[in-house]
Every structure is written in C-alpha cells, then in structure tokens.
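Keep the sequence and the model side by side. This walk goes helix by helix, then turns to single residues in loops and strands.

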Amino acid sequence: MAEPFYKAHWREVEPDRMAAYRDGFGWDEATESLFRPAEISIGHKVADFGCGPGKVSAEIAKRVGPKGHVHAIDINAEFLEITRENAAVAGVSGHLTTHLSDGVSLPLSDGSLDRVSARNAIMYVDNPVSTLQEFHRVLRPGGLAHAIDGDWYMMVAEPVSHDAWRNFVKAASHACRNSDMGRKLHGAFVEAGFRDVEVSITANADVDGRLLGMIRNMAKYARASGTIDHQSVDQIVAQVEQAHTDGTYFVVSPQFVVTGRKTG
Ligand SMILES: C[S@@+](CC[C@H](N)C(=O)[O-])C[C@H]1O[C@@H](n2cnc3c(N)ncnc32)[C@H](O)[C@@H]1O
C-alpha cells in the first residue's frame, strides 16, 4: 500500500529541498533554548528521533561526550548519510550511531536511554501517542522525553488575513499527520504515560525572512493538494515576499517544547 504523503515526502526528498535541509537545521542560540528543558549532560545516552541532517545530533554528541552516546534515527537514508558526515566534521563519530527506522518502532532496547528528543518530527508520525509510548519504553526510570513541535494554525504571517491563512494551512496540512501537533503534545505525553509533563512555548518571531522558505514549502504543498485555487496561494506568497522587500515582514511560528518523565 502506498505511504501517505506526510511520510512519503520525507522518505524521498527532492534535491533542491535536500540542499536547503543540508544547509539549514543548524544549532544556534534559539535551538540552545529549545533544548535546555531536556537537561542533556555528560555521559547521557540520547536518541534524536527524526534527526534529519543530524547537526542537532552531532551537537548533542558533543555535549554527552565519549562516555555518552547518541542514536540518530530517521526514515530517510540520505539524511542518515549526511548525519554521519556532520558527526565526522564535529569529531563525534565514535559515539554517534545512525539507525534507519520503519517510522513506527525504535530500534533500541527497553530502559536503555537517559533522554529521547524529537524536534519537529512528532507532527509527521502516524500515531503520536504510540511513538511517545516507544520513547517511554526505551527510557530508563527517571529518564526524560523531550519534543518540540510547531502549530501551523497558530502561525502569524503579516499582512495575510486570518481567513486566508487558515485556508492556506488547511490546504498544506496533508504534508503533516498533525499540522497542529504543538497544542496536542501535552495531552499525547500524558496519554503515553509520562509524568511531570512540562510545556513552554517559544514565539520564534522572524523579521529577517528566515521562515520564507517554510512558507514557500507550505505553498507547494497547498498547490499540490488540489483543494485550493492556485491564485490565492500565489497571493499569500506574494504578500509575504512584498512585506520582506518593504521591510515590514513579520512571521511568528510558535514552537511548543514539552518534556515528560518516565517514573517507576
Ligand atoms: C522537519 S525535519 C526535522 C529534522 C531535525 N529533527 C532537526 O530539527 O534538525 C523532520 C524529520 O523527521 C523525519 N521523520 C518523518 N517521519 C518520521 C517517522 N515516522 N519516524 C522517524 N523520522 C521521521 C524526517 O525524515 C525528517 O528528517
């Protein structure tokens, strides 16, 4: 049976999109604050679920040091190749292992990890609660799961109107299993059996055009959906690009950061 689009478009990534991911998804100050609640430290064994190009995995590997270990997991083999390259550049290949995943189960044994982290990955899984139950299974008692996800309906893209944005997101949402995963993370952590579940939201306000690529990607998904007329999609992209040219560009993409502890 053919895979749903939200999975298929990660299994096979077009060359121009892959080139952008290869250059992006780095570790910067904003990433540092998104990962602070995960409390990753020296000696930890950590899984980075949906690792993409693995720049984050490599940074985590630096933080846990050679006594720790990072398992970088993804459904896309090319991302894992790039992750190994980034690990080599960072000098952490000795304590970073890549795993090609079936997208459902984690190839790790019960109670073997201190931390499991997933940035912008839970929104693509078939069943978020089942995936978080897998996180729970591989964590040791006291271990922490940490997930970061956006919520496309809560984004702001000035000067696009509320209704136009809503229709645009609705059309683009077939690219995710849950494009509003951010708001659903807390409940999913609780249902998966985590305790001490904590939530924070980082507003991620962009005035420089950092999120233009994301909006252009969403536009591609919206056009491909066949559920919205291309003219209204083009108009949204044009409005945001014009604002960028005029210096009035303002886009906000809230990131929900959730941690939960495995007890007992
Ligand atoms: C938006 S990217 C985030 C990459 C990385 N976490 C980062 O923040 O730099 C989403 C990643 O999740 C992966 N992914 C999507 N569905 C997945 C699944 N079911 N299991 C594991 N990884 C998945 C994709 O292949 C992609 O690498």
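Helix axes here are lines fitted to C-alpha atoms over the stretch in contact, and angles run from 0 to 180 degrees between N-to-C directions. The model is predicted. With those axes, α7 and α10 pack at an angle of about 115 degrees, and the axes are 11 Å apart. The crossing of α7 and α10 is left-handed. From α7, the residues A164, N167 and F168 take part, and they meet S232, V233 and I236 of α10. By class, this contact has four nonpolar residues, two polar ones and no charged ones.

Now take α10 by itself. The helix runs over residues 230-246. Which residues of α10 are buried? They are V233, I236, V237 and V240. Seen down the axis, these buried residues of α10 fall within an arc of 90 degrees, so they line one face of the helix. The general rule is simple: an α-helix has 3.6 residues a turn, so residues three or four places apart point the same way. On the other side of α10, the exposed residues are Q231, D234, A238, Q242, T245 and D246. The cover over the buried residues of α10 includes β6 (156-158), α7 (162-172) and α9 (212-225). After α10 comes G247, with a positive phi near 85 degrees.

Between β6 and α7 there is a loop, and P159 is found in it. The peptide bond from E158 to P159 is cis, with omega near 5 degrees.

Next, move to α5. This helix has 14 residues. From its first C-alpha to its last, α5 reaches 20 Å, close to the 20 Å expected at 1.5 Å a residue. Buried in α5 are F79, L80, I82, T83, N86 and A87. Around the axis they cover an arc of only 160 degrees, which puts them on the same side of α5. The face turned away from that buried side carries the exposed residues A77, A88 and V89. What lies over the buried residues of α5? The cover includes α2 (15-23), α4 (55-64), β2 (69-74) and β3. Just after α5, G91 takes a positive phi of about 75 degrees.

The loop between α5 (77-90) and β3 (96-100) holds H95. Leaving aside residues up to four places away in sequence, H95 touches A61, P66, G68, H69 and V70. H95 and V70 are 25 residues apart along the chain, yet their C-alpha atoms are separated by 6.3 Å.

E39 is not a glycine, but has a positive phi of about 45 degrees. E39 lies in the loop between α3 (29-35) and β1 (45-49). With 12 other C-beta atoms within 10 Å, E39 is exposed. D196 is not a glycine either, and has a positive phi of about 50 degrees. D196 lies in strand β7, residues 195-202. D196 counts as exposed, with 11 C-beta neighbours inside 10 Å.

Definitions and conventions: Residues are numbered from 1 along each chain as its sequence is written. This is a predicted model: local features need pLDDT of at least 70, side-chain atom pairs count only at pLDDT 80 or more; totals for chains, interfaces and linings use all residues. Helices (H or I, at least four residues) and strands (E, at least two) are DSSP runs, numbered from the N terminus. The expected span of a helix is 1.5 Å times one less than its number of residues. A residue is buried if 20 or more other C-beta atoms lie within 10 Å of its own, exposed if 12 or fewer, and partly exposed in between; C-beta atoms are placed from the backbone. The arc is that of the directions from the helix axis to the C-beta atoms. Two residues are in contact if their C-beta atoms, placed from the backbone, lie within 7 Å. A crossing is left-handed if the near helix is turned anticlockwise from the far one by less than a right angle, and right-handed if clockwise. Ala, Val, Leu, Ile, Met, Phe, Trp, Tyr, Cys and Pro count as nonpolar, Asp, Glu, Lys and Arg as charged, and the others, Gly among them, as polar.
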